[in-house]
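The following note sets out numbered points on the structure shown below.

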Amino acid sequence: MRIQLLDEQTAAKIAAGEVVVDPSAVVKELVENAIDAKATAITINIEDGGKSKIEVTDNGLGIDFEDVELAFARHGTSKIQTMEDLDQLETLGFRGEALASIAAVSRVRVKTSSRKDGLGTMYSHRGNHQEKEAIAWARGTSILVEDLFYNTPARLKHLKKSNDENRKIIRMVQVLSMSHPEISFGLFLDGSSYMKTPGRGDLLLVLQSVFGNQQVGRWMEATYENEPLQLNGYLGSPYETKRNRDHQFIFINNRYISETRFNKAIEDAYGSMLMINQHPVFVLNIHLPSHMLDVNIHPAKTKVQVHNESLFLLLLKDGIRQILRSNLDAKKVEGM
Ligand code: ADP
Ligand code: MG
């Protein structure tokens, strides 16, 4: 076979496979764009596990009428201009890939306004058809994604049942809301409200919205410092555990991390207080000097490499043990 260049649509669909692996990835990209646009309230509407509809609405800066097509172009971004800008990146996005990728594998419609006068733009991007018109719209952006993977049957086939896709979306929104307590998040599943955070900048209020007042009321506040490690967050009691790790959340320097080794180190600190096959609940922010970390720059990756990991894990375990000890001792004194 001779070498030839892929046509634009095929190339876009292939590239989309990197970013848009499932509905929760779409939610992540759209919400991160809303955060980058300085939204203070973000509403997420999901139908059929995101397979038929994902809609994210924000009250952020909006997109100018002239710029809407560019937002959907591959490498179209307002966030960086040169490689040097990456060194002081203050946004979650910068690749200009997400909207282009999402539009390559679904039907998208955006309503947006960057103005105060109520004048906005509607733009729809469906396969080869694009339409744009001026509409009345308050400042902010609403992006509707329908029929995800309608034109990529191999991907469509791999989508799970709505409940399973919902579970991934819920966790994604939980993570995003915990890392942004200053933003109010609302999540609706098939028309009914699943969670809503107040956006008042207090992690405890977010956790109460996510897990319920009653549960969170019994958690221990975790603050600990032992150079170079700093911990803060909330730890559940060793006597109120779960059968899986769905209620464990670890952030390193405000970035959500999924590294089971870290979860295990924390569980080790609970030690014999835990019953077999039971997992404690926790939300833990770990702070480390950035020179001790290698964070994979790919936005979807939740992996991290800590230099001298075994020492780090020992410090972590020690820190958690101390937090548990001081809290549980205090409770004994109170007669628990
Ligand atoms: P990136 O986030 O990497 O810049 P995206 O494809 O996610 O790339 O978005 C492209 C551009 O569209 C962004 O740089 C931004 O200018 C604009 N944009 C996307 N979503 C929003 C939003 N919710 N509010 C305002 N602007 C947005
Ligand atoms: Mg983005």
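At what angle do α2 and α6 pack, and how far apart are their axes? The points below begin with the answer.

1. The model is predicted: local features need pLDDT of at least 70, side-chain atom pairs count only at pLDDT 80 or more, and totals for chains, interfaces and linings use all residues. Residues are numbered from 1 along each chain as its sequence is written, while chains are lettered from A and ligands numbered from 1 in the order in which they are written.

2. α2 and α6 pack at about 25°, and their axes lie 8 Å apart (axes are lines fitted to C-alpha atoms, for helices over the stretch in contact, and angles run from 0 to 180 degrees between N-to-C directions). The two helices are therefore roughly parallel (angles under 35 degrees count as roughly parallel, over 145 as roughly antiparallel). Helices here are DSSP runs of H or I with at least four residues, numbered from the N terminus.

3. On the α2 side, the contact is made by Pro23, Ser24, Val27, Lys28 and Val31; α6 supplies Glu165, Lys168, Ile169, Met172, Val173 and Leu176. Contact requires C-beta atoms, placed from the backbone, to lie within 7 Å. By class, this contact of α2 with α6 has seven nonpolar, one polar and three charged residues (Ala, Val, Leu, Ile, Met, Phe, Trp, Tyr, Cys and Pro count as nonpolar, Asp, Glu, Lys and Arg as charged, and the others, Gly among them, as polar).

4. α6 also packs with helix α7 (residues 203-211), at an angle of about 160° and with 9 Å between the axes. α6 and α7 are therefore roughly antiparallel. Their contact is made by Gln174, Ser177 and Met178 of α6 with Leu203, Val206 and Val210 of α7; it comprises four nonpolar, two polar and no charged residues.

5. The protein chain is divided into domain 1 (8-196) and domain 2 (218-333), with bounds from an automatic or database domain assignment. Their centres, taken over C-alpha atoms, are 31 Å apart. Seven residues from domain 1 and seven residues from domain 2 form the contact. Helix α6 (residues 162-179) gives the most to the domain 1 side, with three residues.

6. Around ligand 1 there are 23 residues, of which Asn33, Ala71, Thr77, Gly93 and Ala98 come nearest (near means a C-beta atom, placed from the backbone, within 6 Å). The elements giving two or more residues to this shell are α2 (23-36) and α4 (98-104). The shell has nine nonpolar, nine polar and five charged residues.

Definitions and conventions. Contact = placed C-beta atoms within 7 Å. Parallel < 35°, antiparallel > 145°, perpendicular 65-115°, else oblique.
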